[in-house]
Amino acid sequence: MNPAGSKHEYNAPVSERYDRQLPLFGTSGQNKLAAASVFIAGAGGLGSPVATYLAAAGVGRIILLDCDTVEKTNLNRQFLHREADIGRPKAESGAEKLRLLNPEIQAEAVCGLLTEENIEKMAGDCQIIVDALDNDKTRRILAAFAVRTKKPYFHAAVSGFRGQFASFHPEDGPCYFCMFSKTESEESKISENQTVPIVGATAGVVGSMQANEIIKYITGAGKEHSGKLFIWDGVSNTLDFIEIEKDEDCEICSKSAAKK
Ligand SMILES: [Zn+2]
């Protein structure tokens, strides 16, 4: 049964591209996706599934940021890029694939390193911040920016067969730093020059779950899970979560931090 009723309730302007998802959130949900603007930091192993599924779902504007060029070692997981893209900027290669997949949306490339100084210019006019990064230093710049500008922030990280993701809303609940302030994330313990092993499918699983959360957030469909850290273990095939407690003394989101 169609949970949203007859197909006739959908207005003609909505592309048939979205026929299979319209029963889940209707034309109003689809219009919300079309009106959404999403900044995705990272066009790699996580950025590939996140950006692909958001573009396919009809998110109207996607800004894809990456500072690297495509290397052969990326191709076991970063499916936005092809053999022929080796040497090209990842952001450009990725945005091009998104436009090929869905010409009805805007996909823009930003090539460069995210810094405290340039983040406002790069991400300031997007409504939603997506962390598909592979390093903790840039992640913290991104997460702090989201708190400062009161934008929803969707975190994910992967290593080996494992990954994690979490959603943070600006108006209530904890922020990324409530969880990863004093006890640093696993990833940040790894030296910057150390190569992290990773299974492409694991990045695909975690990035897809991250995209699913973003689509639910934008459309209002399904159940939201902000403030929980989900941990996927691809060896045992388990998905666990822990509730993140708001740290009243958090260096970023607490009332005292806001006054500084
Ligand atoms: Zn916090």
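Salt bridges in a predicted model

Q: What makes the contact between E96 and K97 a salt bridge?
A: A salt bridge is defined as a side-chain nitrogen of Lys or Arg within 4 Å of a carboxyl oxygen of Asp or Glu, and the side chains of E96 and K97 meet at 3.9 Å, N to O, so the pair qualifies. This is a predicted model, in which local features need pLDDT of at least 70, side-chain atom pairs count only at pLDDT 80 or more, and totals for chains, interfaces and linings use all residues. Residues are numbered from 1 along each chain as its sequence is written, and side-chain values use heavy atoms, with hydrogens and water left out.

Q: How many salt bridges does this rule give?
A: The count comes to eleven salt bridges.

Q: Why is E96 called partly exposed?
A: Buried means under 20% relative accessible area, exposed over 50%, and partly exposed in between (1.4 Å probe, protein chains only); E96 has a relative accessible area of 29%, and is therefore partly exposed.

Q: Why does K97 count as buried?
A: K97 has a relative accessibility of 13%, which is under 20%, so K97 is buried.

Q: What makes D136 and R140 a salt bridge?
A: The closest N and O atoms of D136 and R140 are 2.4 Å apart, and this is within 4 Å, so the pair meets the definition. Both of these residues, D136 and R140, are buried.

Q: Why is E213 called buried?
A: E213 has a relative accessible area of 10%, which is under 20%, and is therefore buried.
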